[in-house]
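Trainee: I would like to go through this model with you. Could you show it to me before we start?

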Amino acid sequence: MFQALGAHGPVLSPLAELVLDVVLLGSAFLLLARPTKRPVFDSLFMICLVVSVSLLRVVMQPLPNVQPVTVAALLVGAQLGARRGAAFAVLVAMISNIFMGDGWWTVFQAAGWASVAIAGSRLPLVTSTGLNLGRVCMASIVAAFWFDLFVSFSILDGSIGFYEFIIYLGHGLPFDFLHMAGNLTFAVWLGKWFFNLLEEEPTLEEIEFAVVNGHGIDG
Amino acid sequence: MQGRFPALLLLSLLLLPLISAQEGYNEWEDTNTFAWEHDFESGFISTSPLFTGEAVLVRTSGNGKPAVTAFDLEGDTIWQRVNNQSSSNDMSPLLHVSAGEGTCGVWPEMVVVGWTDGRVEALQPSNGELLWSAQTEVAGWGVTSEFALDGEFVIIPTRKGIGQYCLADGEQQWWSQTGLGWRNGVAVGDTGYFSGDESGVLWHVDRMGVTTSYPLGLGKIRHPPVFTDAGLIVHAQGVSSSTVAVFDVSNGSVSQQLPAGPSPAKPALYGSFLVTGDSSSVQIFSCTVLCESVAQMPFLTNGELRWLDDSLIIAPLNTPNSNWGMFTFDGLDNLSFTELDVGIYGYGTAAPLQFIADGKVFTVFGNDQSLLRVFTRAAEQETQPQPLPQSQPSTDFDWGVQGLIFIMFLLIGSSTVLFLNGKMEWFFRTSSLFFLIIFILILPDISTQWSELFDEQFPVDANDEQWDDEWPDAWLDTQIVIIEIDGEDQVIGGLTGHDTVYSLTQDACEQLGYNLGVELTELGYYIESINGIEGNGWEYFTDGSKGVVSVDSAAVESSTIVRWIPV
C-alpha cells in the first residue's frame, strides 16, 4: 500500500525479512502455546479462522482500506481472549501479506491488529445477554483510526520529519473514514454471527462441574 | 408487512428502465465511419487540427520532432514543416488567415504558427512554404498562446507581453509588456485586446499598445477571455478550484464570480451559451444580462472544448486511457453525456476538428498518443439531422453499473422501510452498506480534492532540490525531471503544462526513451519500473519533498523539479 503511495518504510534485505517472519511466527506460537482441553480441535479451529479471514482480506484487497481483519481481531479478542486474539492478528497479517506484499509494514499491521484484539479482550463488549453491538460499533470506529495511525508509523525511516508525517496522516484521512465505514458495516452485518461462531462449546467435564457446583450451592 | 418487500422489489424493477433511458444513444458512432488515420509514432497533438479548404493541418510536438503536417482528404501527406529549435511542447493553436489587404500591405491566405522557441511563422497552406517569420522573446519557453486576428494584424501574446504584427510581412507594430503568461490567449474587443497572466492579472492593451492592468486575484488566467452579453468571461485557475468570473469592461470590475472545479479547460461560446470544463465537470452557462449556470455534468477535461453545432459539444477526456466525451444540450437546462470511442486512448487536450468537404462531414481527432484519426459521414445528414431514437436500446449498456445502481435503490428503499417499521438492527445493516458503497465510489474524488485542499492549507517548504547551473537556461521556470539510473542523474527539463507527477514523469520518460512500468492500485498509479529497472520500487520527491500520495494525485507547479530514486 505504501509503495503505491510512493512512500516506503525501511527496505529489508531477504535475511532481515526471514528473521522478521520467524519472530512473528514464533510470537504467534508462543501466544498459542498453553495447555488446552482440546488441543486438536482448538488448533484446527484457529487454523480455519486464520485462513478464512486472511482469504477474506486478500479477496477484499481491491476495496481501498476496507479491512475485515480489524473487526475480526476485535471479536476474537473479546471472545477468545487476548493471547489467542493477538496470535490470530499476527498470523492473519503474515499469511495475507504473502499474497498482498510482505515487508516492514507487516510488523506494524500485526502489532496494530494485535493491539485491537487485546483491546477487544479488555473492553466490556460482552454482557450477560451476549454481544453488545453498540459497543462493538463504537470500538470498531476507534479501532479503525488507531490501526491506521499505528501502521502509519512504518513509513518513519529517518527521511520524514514530524511535519511531513502529520501531512502524510492528513492525506490519509479519507481512507481512515472508509476503514471506519467498512468496520461499521462488518460489525452490524457479521458481528453477532462471527461472535457466536467463536463461542466455545463447553466440554462434558465443564458441564458436569457446573452442575455439581450448582447442586453444591443449592445444598 | 409480508407484502411490502415484493412491492419494494417491484418498485425498484419499475425504476430500472428509467435508469437505462439515461444511457445516451450514441448517434455519432452509428452515423460516422472511420476514413483514415496517421500515426506520427511520437509526439503529442495538443491542439485542434485545422482545415484550410484543401488540407488538414496538424501540429505535433513533445518527444517527436516539432512539426506542422498537412494531409489531403485521403490522408496522404502533402507537406511537413519541422522546427527542430522548438524544444518544448508546442501548444499554440494554428491560426488560419484568409487573403486580404490593409494599410501595411497585401497578404495571401496563410497559416500562422507559434513555436516555443519564440518564432512566429506564416506558412502557405498549399505547400508549407514560409511567407514571413518573426522572433518573439523566450523566457523558459516562447509562444504557447492562442493568437487572434484584428483586421490587418495578428495579435500575439508572447511570454511577457502582447505584440501586434502586420499580416502582410510580419513586421511588429508594437509590443507591450504585461505579466508572465502561459498559454494565455487574447480576446479582441472594441477597445483593444484582453489577456491574462500567471499572477491573475487581466490586461487590457489598446490598439496603440497602451496597457492597463486589472489584478483580479482569482488565480491564473491561461485561456483567452470570452466576450458575452453579460461581460467578459475569465475562467481563472486557483490551487484546488477555479472561478468563472464575469468582468465588466465598462468599469473594470468583476460583476460575478461563479465557482468551478480545478484546472479549467478553454471555455467556448455558442450564441449566449458558454461551455466551461475542468477536472470535475462540464458546465453550461447562459450569459445574457447575467451569467447563470444552467447545466452541469461530471467530467474531467482540461483542454479545448468544441461546439459542433448548437446542441453538441465534444471535449477531450484528460485521464489515462481516456477518450472523448460528447455532450448534448437541449438549449434549456438538460445536458446528457455519451462517451465517444474513436479508437485513440490516452491523455487528451485537443478538441476535434469538423468540416464539410466533397459532400462529406469530416471529423478529425488527435491527442497525446500521436495518432490522428478521421471519420466521415454524408453531408446530407448534417443538414437533416435524424431524431434520436429514444426507444432504441443502447449498445453501451453497462450491466455492472446498472446492477450497482439497482442494488443501491434496493438498499435505500429497504433502509427506509426498515426504519419506519422500527427494525433498527436491519436498518443499520442496510444503511451502513449503502453508505459504504457510496463512500467507496466517491473516495477517489474526495481523496484528490482533500489532498489538494490539505496541500493548500499546509504547504511543505522544500528547498532541497536546487537549480543546477549546468542546466540550460531554457529550462528556467519549466518542469524538470531527474531520474537516478545506476547512480547517475538522468535529467530532462524544459517540460511544460503538466499538472501531476504522473503526467510529467510520462513525458520525461518518453523524451529520455525510457519505458515506464505503471500499475493501477486502489490508491492510484504506482510506478513499478523505469527503463526496466524495478528494484524494490521507486519513490519520488517534488522540489525535495518526499511524495506521500500516488503519482496521479501529486500536483506539480510550472517550475517543479521531480526526482525519482530507485529504492
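Trainee: With which hand does α6(A) pass α7(A)?

Mentor: α6(A) passes α7(A) in a right-handed crossing; a crossing is right-handed if the near helix is turned clockwise from the far one by less than a right angle, and left-handed if anticlockwise. This is a predicted model, in which local features need pLDDT of at least 70 and side-chain atom pairs count only at pLDDT 80 or more, while totals for chains, interfaces and linings use all residues. Residues are numbered from 1 along each chain as its sequence is written, and chains are lettered from A and ligands numbered from 1 in the order in which they are written.

Trainee: At what angle do helix α6 and helix α7 of chain A pack?

Mentor: Helix α6 (residues 104–122) and helix α7 (residues 133–152) of chain A pack at an angle of about 155°, and their axes are 9 Å apart. Axes are lines fitted to C-alpha atoms, for helices over the stretch in contact, and angles run from 0 to 180 degrees between N-to-C directions. α6(A) and α7(A) are therefore roughly antiparallel to each other, the term for angles over 145 degrees. Helices here are DSSP runs (H or I, at least four residues), as are strands (E, at least two), numbered from the N terminus.

Trainee: Which residues meet there?

Mentor: On the α6(A) side they include A:W105, A:F108 and A:W113, and on the α7(A) side A:W146, A:F147 and A:F150 are among them. Residues are in contact if their C-beta atoms, placed from the backbone, lie within 7 Å. By class, this contact of α6(A) with α7(A) has twelve nonpolar, four polar and no charged residues. Ala, Val, Leu, Ile, Met, Phe, Trp, Tyr, Cys and Pro count as nonpolar, Asp, Glu, Lys and Arg as charged, and the others, Gly among them, as polar.

Trainee: Still in chain A, is A:M94 buried or exposed?

Mentor: A:M94, in helix α5 (residues 82–100) of chain A, is buried, with 21 other C-beta atoms within 10 Å. The cut-off for buried is 20 or more such atoms; 12 or fewer is exposed, and in between is partly exposed.

Trainee: What does A:M94 touch?

Mentor: Not counting residues up to four places away in sequence, A:M94 touches A:D21, A:L24, A:L25, A:T106 and A:A110.

Trainee: Now chain B. How do α4(B) and α5(B) cross?

Mentor: The axes of helix α4 (residues 399–420) and helix α5 (residues 424–457) of chain B come within 8 Å and cross at roughly 150°. That makes α4(B) roughly antiparallel to α5(B). α4(B) passes α5(B) in a left-handed crossing.

Trainee: And what is the make-up of that contact by class?

Mentor: The contact of α4(B) with α5(B) has ten nonpolar, four polar and no charged residues.

Trainee: Changing topic, how many residues of strand β3 in chain B are buried?

Mentor: Five of the five residues of β3(B) (residues 56–60) are buried. B:V56, B:V58 and B:T60 lie on one side, and B:L57 and B:R59 on the other.

Trainee: Which strands pair with β3(B)?

Mentor: Strand β2 (residues 50–51) of chain B pairs with β3(B) in the antiparallel sense over two bridges, and five bridges join β3(B) to β4(B) (residues 67–71), also antiparallel. Pairing requires that DSSP finds at least two bridges between two strands. β2(B) and β3(B) form a hairpin with four residues between them, and B:G53 in the turn has a positive phi of about 110°.

How values were computed: Parallel < 35°, antiparallel > 145°, perpendicular 65-115°, else oblique. Contact = placed C-beta atoms within 7 Å.
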